[in-house]
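Work through the exercises below with the sequence and the structure at hand. Each task is followed by a stepwise solution.

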Amino acid sequence: MKSIIIMNTKEIPKGHSIKKLIIEANISDELKYRLNNYNFDIEIEGVDSAFIEWRYTYERNEMIMNNGFLNGLCTALEEIVRNKILEKYNLNMFESFI
């Protein structure tokens, strides 16, 4: 997501809020469409501060997350970011390996 933001704004985004980065990268609608079998707004709140909180999971008594949503989010983000980078720089993924 930070790559997309940098491509669009030429500025390095600060912070680790997943929700904020999704908004700044302008990919909310795409993610909601791809993850339409989840209540996106509720699920994203559950992982919003994952980068910060999950580093210290051993200090917590319990941790609840929706693995299905998280896996879907990661897959969708990878596809969206890859496609935007390829499109921005007019690259063909298959030709890039030759």
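**Exercise 1.** Is Phe 69 buried, partly exposed or exposed?

Solution. The model is a predicted one. Phe 69 has a relative accessible area of 1%. Buried means under 20%, so Phe 69 is buried.

**Exercise 2.** Find the aromatic pairs in the whole structure and classify their geometry.

Solution. 
Step 1. A search of the whole structure gives two aromatic pairs.
Step 2. In the pair of Tyr 38 and Phe 69, the ring centres are 5.5 Å apart and the planes stand at 75°. Planes over 60 degrees apart count as edge-to-face, so that is the class of this pair.
Step 3. Tyr 38 belongs to the loop between α3 (28-34) and α4 (40-47), while Phe 69 belongs to helix α6 (residues 67-88). The pair therefore ties together parts that are 31 residues apart in sequence. Tyr 38 is partly exposed, its relative accessible area being 24%.
Step 4. For Phe 40 and Phe 69, the centres are 6.0 Å apart and the planes are at 65°, so this pair is edge-to-face.
Step 5. Phe 40 sits in helix α4 and Phe 69 in helix α6, so parts that are 29 residues apart in sequence are tied together by the pair. Both Phe 40 and Phe 69 are buried.
Step 6. Tyr 38, Phe 40 and Phe 69 make up one aromatic cluster.

**Exercise 3.** How do α1 and α6 lie relative to each other: roughly parallel or roughly antiparallel?

Solution. 
Step 1. The two axes, of α1 and α6, come within 9 Å and cross at roughly 30°.
Step 2. Angles under 35 degrees count as roughly parallel, and α1 and α6 are therefore roughly parallel to each other.
Step 3. The crossing in which α1 passes α6 is left-handed.
Step 4. At this contact, Ser 3, Ile 4 and Met 7 of α1 meet Ile 80, Val 81, Lys 84, Ile 85 and Lys 88 of α6.

Key:
Residues are numbered from 1 along each chain as its sequence is written. This is a predicted model: local features need pLDDT of at least 70, side-chain atom pairs count only at pLDDT 80 or more; totals for chains, interfaces and linings use all residues. Side-chain values use heavy atoms; hydrogens and water are left out. Rings of Phe, Tyr and Trp (its six-membered ring) pair if their centres lie within 6.5 Å; planes under 30 degrees apart count as stacked, over 60 as edge-to-face and the rest as tilted. Helices (H or I, at least four residues) and strands (E, at least two) are DSSP runs, numbered from the N terminus. Buried means under 20% relative accessible area, exposed over 50%, partly exposed in between (1.4 Å probe, protein chains only). Axes are lines fitted to C-alpha atoms, for helices over the stretch in contact, and angles run from 0 to 180 degrees between N-to-C directions. Angles under 35 degrees count as roughly parallel, over 145 as roughly antiparallel, 65 to 115 as roughly perpendicular and the rest as oblique. A crossing is left-handed if the near helix is turned anticlockwise from the far one by less than a right angle, and right-handed if clockwise. Contact means heavy atoms within 4.5 Å.
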